[in-house]
Amino acid sequence: MTLRQVAFDIETTGFNATDVVTTVGFAVPLGVRLFLNTGGRAAPGIEDVGGDVLVKGSTHASEQGLLTAVGEFVAERFRDADVLLVAYNGERWSGGFDVPFLRTRFALLDLAWPFGDVPYADVMPLITKRFNTTVGGDEENDLDGAYDVLCDGVYGELDPFDESAEAVTAFEDGEFAALAAHNVADVLRTRALGRVAERYCAKSDFDVKSLTPTRTNS
């Protein structure tokens, strides 16, 4: 059985445990499903950022509202589906960002973990170990660098930021369309790299793990 990859990516206000999730995006068959925490502010234009890719977005007045909506989406779309959740540096044996950050925020908000029974694999180790991404003597192993080396695509052109740190400022300044565009670009780049790995790497190269917690009741 071949699992269908669903790439995802998050944006946050920083790296501390007390920082919050501002954006979560998932690659779905028809495009990208985007969840945006606006803090109650208006967010026009967030669905007009995907170029030729359809973006379906929803806004939420708080992080708790966003994460609750993400949980409902995962329960509806992922349960009993042949889905493999993938991220780029989302959670690796030696670290990662997206999954640990989400665990912390779900725990601190006392929300149910939504990814039970969802298999997960990180794309970054596949790219760094199974492909040569060296350009000019430097290894291009971050998401946008690896995408530029291995994928003949235009998703990088959707990203208005030169550095991911700009996503923090965009949230603070209420520049939600730019924040949405950055997240959509990252989701699509992750999906593209996942497809390259799927095409050229063995199934055994994918270090698939379960995200189901040891105890699922409260």
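This is a predicted model: local features need pLDDT of at least 70, side-chain atom pairs count only at pLDDT 80 or more; totals for chains, interfaces and linings use all residues.

Colleague: How many helices and strands does the protein chain have?

Modeller: There are 6 helices and 9 strands.

Colleague: And how do I read the overall shape?

Modeller: Start with the radius of gyration. A compact globule with 218 residues would come out near 17 Å, and the protein chain has 17 Å, so the two agree. Its C-alpha atoms fill a box of roughly 45 × 40 × 35 Å along the principal axes. Of the 218 residues, 48% count as buried.

Colleague: What about the inside?

Modeller: In soluble globular proteins, nonpolar side chains tend to be buried together. Here the largest nonpolar core has 42 residues, and those touching the most other members are Tyr88, Ile127, Phe176, Leu179, Val184, Leu193 and Phe206. Elements giving two or more residues to this core include strand S3 (31–37), helix H3 (123–130) and helix H6 (176–200).

Colleague: Which helix gives the most to this core?

Modeller: That's H6, with 12 residues. Another core, of 27 residues, lies apart from that one, and Val21, Val83, Ala87 and Tyr120 are among its members.

Colleague: Can we zoom in on one residue? What does Leu179 touch?

Modeller: Leaving out residues up to four places away in sequence, Leu179 touches Glu11, Thr22, Thr23, Leu36, Phe161, Ala167, Ala170 and Phe171.

Colleague: How do I read a single helix?

Modeller: An α-helix has 3.6 residues a turn, so residues three or four places apart point the same way. Take H4: its buried residues are Leu143, Gly145, Ala146 and Tyr147. They pack against H3 and H6.

Colleague: What should I look for in the backbone angles?

Modeller: Most residues other than glycine have a negative phi. Asn89 isn't a glycine, yet its phi is positive, about 60°. You'll find Asn89 in the loop between S5 and helix H2 (98–108). Asp117 also has a positive phi, near 65°, and its place is the loop between H2 and strand S6 (119–122).

Colleague: Is Asp117 buried or exposed?

Modeller: Exposed, because its relative accessible area is 64% and the cut-off for exposed is over 50%. Asn89, with 23%, is partly exposed.

How values were computed. Residues are numbered from 1 along each chain as its sequence is written. Side-chain values use heavy atoms; hydrogens and water are left out. A nonpolar core is a set of buried Ala, Val, Leu, Ile, Met, Phe, Trp, Tyr and Cys residues joined through side-chain atoms within 4.5 Å. Buried means under 20% relative accessible area, exposed over 50%, partly exposed in between (1.4 Å probe, protein chains only). Helices (H or I, at least four residues) and strands (E, at least two) are DSSP runs, numbered from the N terminus. Contact means heavy atoms within 4.5 Å. The radius of gyration is taken over C-alpha atoms; the globule rule is 2.2 Å times the number of residues to the power 0.38.
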